[in-house]
Amino acid sequence: MKNTNDRDRAVLEVLKSTGVDILEAALVAKEALAAGRGRVKRALACIQAGEAELRKREMTVSFARAVEEALAARKDRRRRTVVDFRYICNRFMKRCKGLAQRRVRSITPEDCAAWIAEAFGTPQQRNKARRILSGVFSTAFRRGWCADNPVQRVEPERVVERRIEILSAEEIERLMTTAQEYEGGKCLAAVGMMLYGGIRPHEVERLRWEDVRLPAAGDEGASFADAAGGVICISPQHCKTGGARHVTIQPALHALLLNKRARPEERICPPNWRRRWAGLHRAARFTPWQPDVLRHTFATRHLCAHRNYAELQVEMGHRSAALLRTRYIAMSPIGLLSA
């Protein structure tokens with residue numbers, strides 16, 4: 001009996017030494033033994049495994065730190081991609097109070113949906129912000145800072161694309177005449193490449209004259225692109241979709257480029273291009289300006305002239321012709337007449 005009492009007192013002393021209520025400590029011990037199926041060694045193993053899992057769950061960082069890590073992981077991407085990523089993340093942290101310090105493991109899909117709606121105004125902006133926010137959490141997940149990517153459970157918004165009307169023959173003439181006269185024609189080559197080659201504005205910004213391959217005099221019959229007068233080489237680093245392509249220099253563009261050559265290392269676009277480009281289309285009386293109108297005009301006119309989706313797909317740098325059929329081609333009577 002004395003030994004039993006001594007044992008009971010020893011048990012009580014051990015429980016008291018935990019610093020918690022004796023009954024609560026006893027309940028925890030009971031739960032541990034139940035998890036260990038009544039075996040002490042197994043109960044201890046369960047406790048140790050649970051402790052390791054809890055440490056793993058508690059390992060996390062602030063959203064601001066996760067953004068820094070995501071940017072570092074993307075440092076080799078194109079400059080515009082990195083700039084957009086940084087801008088959208090900073091806008092999230094500026095518009096959403098407390099987000100910068102919020103621990104990423106505690107962020108829920110409902111939080112992400114609310115922040116996207118709060119920080120961005122249009123469906124297009126919100127869908128882009130969703131993709132970039134998902135990139136932040138994908139990096140955090142790979143680092144072990146969160147259990148999953150909560151943005152994957154936020155549905156993207158449905159965007160109804162607005163028809164982009166192409167330029168009429170009169171509008172094309174007005175734009176090109178203005179480009180010839182505006183600041184001595186410095187912008188003419190870039191405008192011609194967008195209108196007669198369907199090259200994207202941001203791709204034109206990155207091009208240099210060494211990317212333009214015009215056949216030498218008398219060699220028009222020697223190159224694979226001879227019929228149209230050469231090619232413009234767009235590298236993966238310059239292309240929006242990341243794939244290289246050759247844009248055929250059509251006769252109208254060939255005639256325009258013959259007298260516009262410069263040193264190979266010089267850019268096609270003059271310095272302060274965006275300011276100059278905005279000034280040019282204002283001078284040509286295009287207000288407001290539709291950003292994709294030249295590319296859409298090229299696509300419609302090319303298809304009306306050649307009736308070949310596959311060829312146009314290659315020129316545009318699309319992976320399939322589906323986008324051309326659903327968005328790019330203005331096959332209305334106005335579009336056909338202007339082409």
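Tutor: Start with a term: a residue is buried under 20% relative accessible area, exposed over 50%, and partly exposed in between. Keep in mind that this is a predicted model.

Student: Is Asn272 buried or exposed?
Tutor: Asn272 lies in the loop between helix 11 (251-257) and helix 12. Its relative accessible area is 54%.

Student: What is the phi of Asn272?
Tutor: Asn272 is not a glycine. Even so, its phi is positive, at about 55 degrees.

Student: Where is Arg307, and is it buried or exposed?
Tutor: Arg307 sits in the loop between helix 13 and helix 14 (309-316). Arg307 is not a glycine, yet it has a positive phi of about 55 degrees. Its relative accessible area is 61%, so Arg307 is exposed.

Student: Which peptide bond is cis, with omega near -5 degrees?
Tutor: Look in the loop between helix 12 (273-283) and helix 13 (293-306). Pro288 is found there. The cis bond runs from Thr287 to Pro288.

Student: How many helices and strands does the chain have?
Tutor: The chain has 339 residues, and 41% of them count as buried. Its secondary structure comes to 16 helices and three strands.

Student: What is the order of the strands in the sheet?
Tutor: The sheet is open, and its pairing is antiparallel. Strand 1 (212-213) and strand 3 (245-248) are the edge strands, each pairing on one side only. The order is 1-2-3.

Student: How many bridges join strand 2 to strand 3?
Tutor: Strand 2 covers residues 231-234 and runs antiparallel to strand 3. Another is Cys233 with His246. The number of bridges joining strand 2 to strand 3 is four.

Student: Which residue in strand 2 is the bridge partner of Arg213?
Tutor: Strand 1 and strand 2 pair in the antiparallel sense, over two bridges. For Arg213, the partner in strand 2 is Val231.

Student: Which residues of strand 2 point the other way from Val231 and Cys233?
Tutor: Val231 and Cys233 point one way from the strand. Two residues point the other way, and all of these are buried. The pair asked for is Ile232 and Ile234.

Student: Are helix 4 and helix 5 roughly parallel or roughly antiparallel?
Tutor: Helix 4 (residues 63-73) packs with helix 5 (residues 79-95) at an angle of about 175 degrees. Their axes are 11 Å apart. An angle over 145 degrees counts as roughly antiparallel. Helix 4 and helix 5 are therefore roughly antiparallel.

Student: How many residues in the contact of helix 4 with helix 5 are nonpolar?
Tutor: Helix 4 brings Phe63, Ala64, Val67, Ala70 and Leu71. Helix 5 meets them with Val82, Phe85, Arg86, Cys89 and Met93. Of the residues in this contact, one is charged, none is polar, and the nonpolar ones number nine.

Student: What does Asn127 touch, not counting residues up to four places away in sequence?
Tutor: Asn127 is placed in helix 7 (residues 123-142). Its relative accessibility is 12%, so Asn127 counts as buried. With those sequence neighbours left out, Asn127 touches Pro156, Glu157 and Val159.

Student: How many disulfides are there?
Tutor: A disulfide needs two cysteine sulfur atoms within 2.5 Å. By this rule, the count is zero.

Student: How far from Cys96 is the nearest cysteine sulfur?
Tutor: Cys96 is in no disulfide. Its relative accessible area is 0%, so Cys96 is buried. The nearest cysteine sulfur belongs to Cys112, and the distance is 10.0 Å.

Student: Which cysteine has the sulfur nearest to that of Cys112?
Tutor: Cys112 also counts as buried, at 0% relative accessibility. Cys112 is in no disulfide. The nearest cysteine sulfur is 9.6 Å away, and it is that of Cys146.

Student: Among contacts between residues at least 6 apart in sequence, what share joins residues at least 24 apart?
Tutor: A contact here means heavy atoms within 4.5 Å. Take the contacts between residues at least 6 apart in sequence. The share that joins residues at least 24 apart is 66%.

How values were computed: Residues numbered from 1 in each chain as written. Predicted model: local features only at pLDDT ≥ 70, side-chain atom pairs only at ≥ 80, totals over all residues. Heavy atoms only, no water. Buried < 20%, exposed > 50% of the residue type's maximum accessible area, 1.4 Å probe, protein only. Pairing = 2+ DSSP bridges. Axes fitted to C-alpha atoms, helices over the stretch in contact; angles between N-to-C directions. Parallel < 35°, antiparallel > 145°, perpendicular 65-115°, else oblique. Nonpolar A, V, L, I, M, F, W, Y, C, P; charged D, E, K, R; others polar.
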